[in-house]
Amino acid sequence: MKTYEKVYQLLSTTTDYLSGEQLAEQLNLSRTSIWKAIQQLEKQGLVIESTKHLGYRLREGDLLLPDELSDQLGLEVVYTQDSQSTQMDAKKGIEAGHEGNCLYLAPSQGGARGRFGRAFFAPKHGGIYMSLHLKPMLAHAELPSYTLLVAASIVKAIQDLTGIETQIKWVNDIYLGQKKIAGILTEAITSVETGVITDIIIGVGLNFLVKAFPEELANKATSLFEERPNISRNDLILAIWKTFFETPEDTLIQFYKEHSLVLGKTVTFQKNGQSLTGRATALNDQGQLQIILLDGQELWLNSGEISLTSWTNENKPD
């Protein structure tokens with residue numbers, strides 16, 4: 001573990017000041033090493049108060065600890081300080097022959113992309129950006145509904161750790177109130193010879209403690225926390241993937257349905273170049289959304305985007 005990580009761990013365990021002498025003594029380091037570690041932490045976005053005769057106190061921010069996450073999750077964790085995209089990092093890992101069950105992690109992303117290749121806002125500090133690489137080796141029809149499972153794991157982990165209630169906007173967005181806090185991007189690689197899905201990459205971008213958003217996103221996006229949280233990003237990352245790996249699939253699918261933002265509400269969407277409106281009435285275990293159109297016609301959406309015409313609860317049709 002790096003020196004600045006050790007200093008962070010000590011500072012994160014208390015709200016009181018720790019003097020340079022105390023830190024140096026506990027870590028068996030020089031005062032100069034402690035000072036350099038504090039500078040490194042500040043470069044990574046942590047706000048540390050330094051007061052004469054008192055020492056240092058962590059006021060805001062946290063530090064991602066990939067080695068600790070790797071030990072607790074039993075996964076390889078690849079941490080990239082200057083990542084363009086954790087999805088790209090995972091693809092490079094696949095090209096290099098890395099096995100599955102690997103989590104790619106970054107403090108930010110310089111070239112983040114969401115669904116349909118859209119730019120994804122990734123501030124320098126305060127976000128969670130990660131991609132899980134799995135090797136399912138299954139036919140497409142046999143694949144678990146990974147996007148649903150991860151979305152449910154995120155919502156459940158947040159609820160279990162903080163008591164904060166979030167919801168899922170079909171199919172891959174997490175909302176707090178009427179604003180988005182997280183998105184999921186799932187990509188598959190198929191063997192041309194066998195048609196088997198050899199690799200799955202599940203990307204997650206989550207606004208953990210983001211102070212400001214671009215003007216065009218200010219009314220659409222928010223952060224899980226607006227002030228110093230009582231958990232760290234490491235805590236949430238650990239809880240998300242433990243929930244994903246340790247919770248039965250049917251339990252997570254049911255949790256997804258129970259925390260759906262769209263079921264029972266009127267939505268609009270595009271299909272075959274037409275704008276259609278209907279009531280979202282059901283969600284099956286494969287992630288397909290049932291819509292009853294205004295004329296009574298029933299259809300199932302496999303993918304795409306929907307917009308809520310109202311955020312209020314509505315009764316489901318008979």
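Helices here are DSSP runs of H or I of at least four residues, strands are runs of E of at least two, and both are numbered from the N terminus. What we are looking at is a predicted model, in which local features need pLDDT of at least 70 and side-chain atom pairs count only at pLDDT 80 or more, while totals for chains, interfaces and linings use all residues. Residues are numbered from 1 along each chain as its sequence is written, and side-chain values use heavy atoms, with hydrogens and water left out.

A search of the whole structure gives 10 salt bridges, a salt bridge being a side-chain nitrogen of Lys or Arg within 4 Å of a carboxyl oxygen of Asp or Glu.

Let me begin inside one helix: D160 pairs with K156, with the closest N and O atoms 2.9 Å apart, and because the two residues are 4 apart in helix 6 (residues 146-162), about one helical turn separates them. K156 is partly exposed at 24% relative accessibility, where buried means under 20% relative accessible area, exposed over 50%, and partly exposed in between, using a 1.4 Å probe and protein chains only.

Next, E60 and K211 meet at 3.5 Å, N to O; E60 belongs to strand 2 (residues 55-60) and K211 to the loop between strand 9 (197-207) and helix 7 (233-246), so this bridge ties together parts 151 residues apart in sequence. E60 is partly exposed at 21%, whereas K211 is exposed at 53%.

Finally, E49, R57 and R59 are linked in a network of salt bridges.
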